[in-house]
Amino acid sequence: VAASSEMQQIMTLIQQVAQNDSTVLIEGESGTGKELMAKYIHHTGQRAGGPFVAINCGALPENLLESELFGQEKGAFAESSMKKIGKFELANKGTIFLDEIGDMSLKSQSKILRVLQEHQFQRVGGSRTLSIDVRVIASSNKDLEKEIEKGTFREDIYYRLNVIPIEVPPLRNRVEDIPQLMEIFFDECDKQNRSKKKVVTQNVLD
């Protein structure tokens with residue numbers, strides 16, 4: 001819970017978003033809590049009983065990202081001796097969170113587009129088309145409209161993802177939230193350490 005009116009507006013928006021199944025794009029700098037918001041949307045929404053599956057699209061090289069997202073059949077690569085279930089399949093009936101989608105290559109973006117349009121895909125090395133029922137929430141710490149201008153992000157995917165945009169401001173732009181956040185963090189620390197409740201003095205806040 002945050003004190004600033006801007007964060008209250010964002011929380012009101014994500015509470016509304018949680019009650020429908022639209023695709024959501026959360027933009028904001030690293031560390032602004034984009035994944036926490038995605039989890040909140042999932043766990044308070046219609047898909048709360050299903051899985052929440054997250055993948056950092058910028059943390060894996062392109063050749064591994066495809067098999068992570070879509071899975072692979074046995075023998076798809078020389079070194080693959082087992083069938084692998086991908087993140088989209090694991091998220092069926094739930095939510096997949098595509099974190100830092102702005103770091104994904106254009107080739108990988110084109111393969112994501114079919115899933116967004118048709119909710120279908122094939123495992124790497126497979127020929128069978130699989131259908132899924134999954135909500136997509138994506139995030140980026142980059143300005144995707146600028147990435148489109150630079151030619152590093154596909155415009156068609158952007159509009160597929162940007163059905164409901166949420167812009168998360170950094171803490172330096174909402175310093176009025178700091179006292180309440182500190183209180184929350186101290187309460188969590190006290191519970192973990194079974195210690196007495198701590199009080200933050202005004203000097204510390206200043």
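Modeller: A salt bridge here is a side-chain nitrogen of Lys or Arg within 4 Å of a carboxyl oxygen of Asp or Glu. Keep in mind that this is a predicted model, where local features need pLDDT of at least 70, side-chain atom pairs count only at pLDDT 80 or more, and totals for chains, interfaces and linings use all residues. Residues are numbered from 1 along each chain as its sequence is written, and side-chain values use heavy atoms, with hydrogens and water left out.

Colleague: OK, how many salt bridges does the structure hold?
Modeller: There are 17 salt bridges in the structure. One of them joins the side chains of glutamate 35 and lysine 39, at 3.9 Å from N to O.

Colleague: Why are glutamate 35 and lysine 39 separated by about one helical turn?
Modeller: Because they sit four residues apart in helix 2, which covers residues 34-43. Helices (H or I, at least four residues) and strands (E, at least two) are DSSP runs, numbered from the N terminus.

Colleague: And how accessible is glutamate 35?
Modeller: Glutamate 35 counts as partly exposed at 31% relative accessibility, and lysine 39 is partly exposed too, at 33%. Buried means under 20% relative accessible area, exposed means over 50%, and partly exposed is in between (1.4 Å probe, protein chains only).

Colleague: What does arginine 47 form a salt bridge with?
Modeller: With aspartate 133, and the closest N and O atoms are 2.6 Å apart. That pair links distant parts of the chain, 86 residues apart: arginine 47 is in the loop between helix 2 and strand 2 (52-56), while aspartate 133 is in the loop between strand 5 (129-131) and strand 6 (135-140).

Colleague: Is arginine 47 buried or exposed?
Modeller: Arginine 47 is buried, at 9% relative accessible area, whereas aspartate 133 is partly exposed at 32%. Both also belong to a salt-bridge network that links Asp21, Arg47, Lys93 and Asp133.

Colleague: What about aspartate 177, which residue does it bridge to?
Modeller: Arginine 174, with the closest N and O atoms 2.8 Å apart. Aspartate 177 and arginine 174 are both buried.

Colleague: Switching to the surface, which residues gather in the patch of negative charge?
Modeller: Glu6, Asp143, Glu145, Glu149, Glu167 and Glu176. Patches take residues with over 30% relative accessible area and no salt bridge, joining like charges within 9 Å and nonpolar side chains (Val, Leu, Ile, Met, Phe, Trp, Tyr) within 5 Å. From that group, glutamate 149 lies in helix 6, residues 144-150, and counts as exposed at 69% relative accessibility.

Colleague: Now the rings. How many aromatic pairs does the search of the whole structure find?
Modeller: Five aromatic pairs. In phenylalanine 70 and phenylalanine 88 the ring centres are 5.7 Å apart and the planes at 5°, so that pair is stacked. Rings of Phe, Tyr and Trp (its six-membered ring) pair if their centres lie within 6.5 Å; planes under 30 degrees apart count as stacked, over 60 as edge-to-face and the rest as tilted.

Colleague: Where do phenylalanine 70 and phenylalanine 88 lie?
Modeller: Phenylalanine 70 is in helix 3 (residues 62-70) and phenylalanine 88 in helix 4 (residues 87-90), so the pair ties together parts that are 18 residues apart in sequence. Phenylalanine 70 is buried at 5% relative accessibility, as is phenylalanine 88 at 0%. Ring pairs also link Phe70, Phe88 and Phe121 into a cluster.

Conventions: Accessible areas come from the Shrake-Rupley method with a 1.4 Å probe; for residues, only the protein chains shown count as cover. Lys and Arg count as positive and Asp and Glu as negative; His and the chain ends are not counted. The place of a charge is taken as NZ of Lys, CZ of Arg, CG of Asp or CD of Glu.
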